[in-house]
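Student: Hi! Could you walk me through this one?
Tutor: Happy to, have a look here.
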Amino acid sequence: MKYLLMVTLLASMSFAKDGNKTKIFRDVDDMTDEVSYMTSESITLKNGRKALNIFAGLIENENGVNPFSLAVIHKRLGSCSEKDLFIILLENGVKIKSKSWNDFNCKGYSYFNFTSREWAELGKSPIKKIMFKNGRSYETISQKVDVSDKNYFITMIELLKKKQFTKRK
C-alpha cells in the first residue's frame with residue numbers, strides 16, 4: 001500500500017526542472033511520519049505508438065528504508081497488465097531484472113522493487129538499454145536510452161548519498 005501511495009504521487013505530480021538538473025524531493029507525511037524520496041525527472045521511451053514513463057523513488061519508515069521502487073506507466077503495450085517484466089542492461093554488461101508486484105490492472109501502471117544490491121549496481125554504470133514486457137499480452141518495448149537518461153540512477157543515488165534534497169513547494 002505504501003508503494004502504491006508513493007507511485008500515485010509520482011504519477012500525479014508535476015516534475016520540476018532546474019535546467020537539466022535532477023532533484024530529489026523529500027516529503028514527510030505529517031500523519032504517518034513516513035519519509036518518501038522521488039526524482040524530479042523520469043525516463044521516457046517511445047517506439048512508434050508504444051511508450052513508457054519510468055519513475056524512481058523510495059519510502060523510509062520506522063524500520064528504515066524499504067527497497068527502491070520503480071513505477072512504469074505504459075501505453076499501447078496491451079490493454080491490461082499483470083506479471084510484467086522489466087530489464088535494465090547497464091553499459092558494464094550487468095542485467096537487472098524484476099517482475100511487477102502489483103495486481104492485474106487495466107490502467108497502464110506497473111510497479112517494481114529492487115534490492116539494495118541491485119540499486120548499488122545501478123549506481124555503478126550508465127544505462128545502455130531498457131526492456132519492458134507486458135506479462136498478459138506479451139507486447140514488448142526494448143530500446144537504448146537517450147544519452148540524457150543514461151546516468152539517471154547514478155545521479156539519483158549520488159544525490160541520496162549526499163542528502164541533497166529539495167522540498168516540494
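Tutor: One term before we start: two strands pair if DSSP finds at least two bridges between them. And keep in mind that this is a predicted model.
Student: Okay, so what is the bridge partner of alanine 71 in S9?
Tutor: That's tyrosine 111. Strand S6, residues 68-75, and strand S9, residues 109-114, run antiparallel and are joined by six bridges.
Student: How many of the eight residues in S6 are buried?
Tutor: Seven of them, so the strand is mostly covered.
Student: And which residues have the most contacts inside the largest nonpolar core?
Tutor: Leu70, Phe86, Ile88 and Trp119, in a core of 32 residues. Helix H3, residues 152-162, gives the largest share of this core, with six residues. As a general point, nonpolar side chains tend to be buried together in soluble globular proteins.
Student: What is tryptophan 119 in contact with, leaving aside neighbours within four places in sequence?
Tutor: Its contacts are Ala56, Phe68, Ser69, Leu70, Phe114, Phe153, Met156 and Ile157.
Student: Switching topic: which cysteines form a disulfide?
Tutor: Cysteine 80 and cysteine 106, with their sulfur atoms 1.9 Å apart. The structure holds one disulfide, and this link is right-handed, with 95° about the S-S bond. The two cysteines are 26 residues apart: cysteine 80 sits in the loop between S6 and strand S7, cysteine 106 in the loop between strand S8 and S9.
Student: Why does cysteine 80 count as buried?
Tutor: Because its relative accessibility is 13%, and buried means under 20%. Cysteine 106 has a relative accessible area of 46%, so that one is partly exposed.

Technical notes: Residues numbered from 1 in each chain as written. Predicted model: local features only at pLDDT ≥ 70, side-chain atom pairs only at ≥ 80, totals over all residues. Heavy atoms only, no water. Buried < 20%, exposed > 50% of the residue type's maximum accessible area, 1.4 Å probe, protein only. Helix = DSSP H or I, 4+ residues; strand = E, 2+ residues; numbered from the N terminus. Core = buried A, V, L, I, M, F, W, Y, C linked by side-chain atoms within 4.5 Å. Contact = heavy atoms within 4.5 Å. Disulfide = S-S within 2.5 Å.
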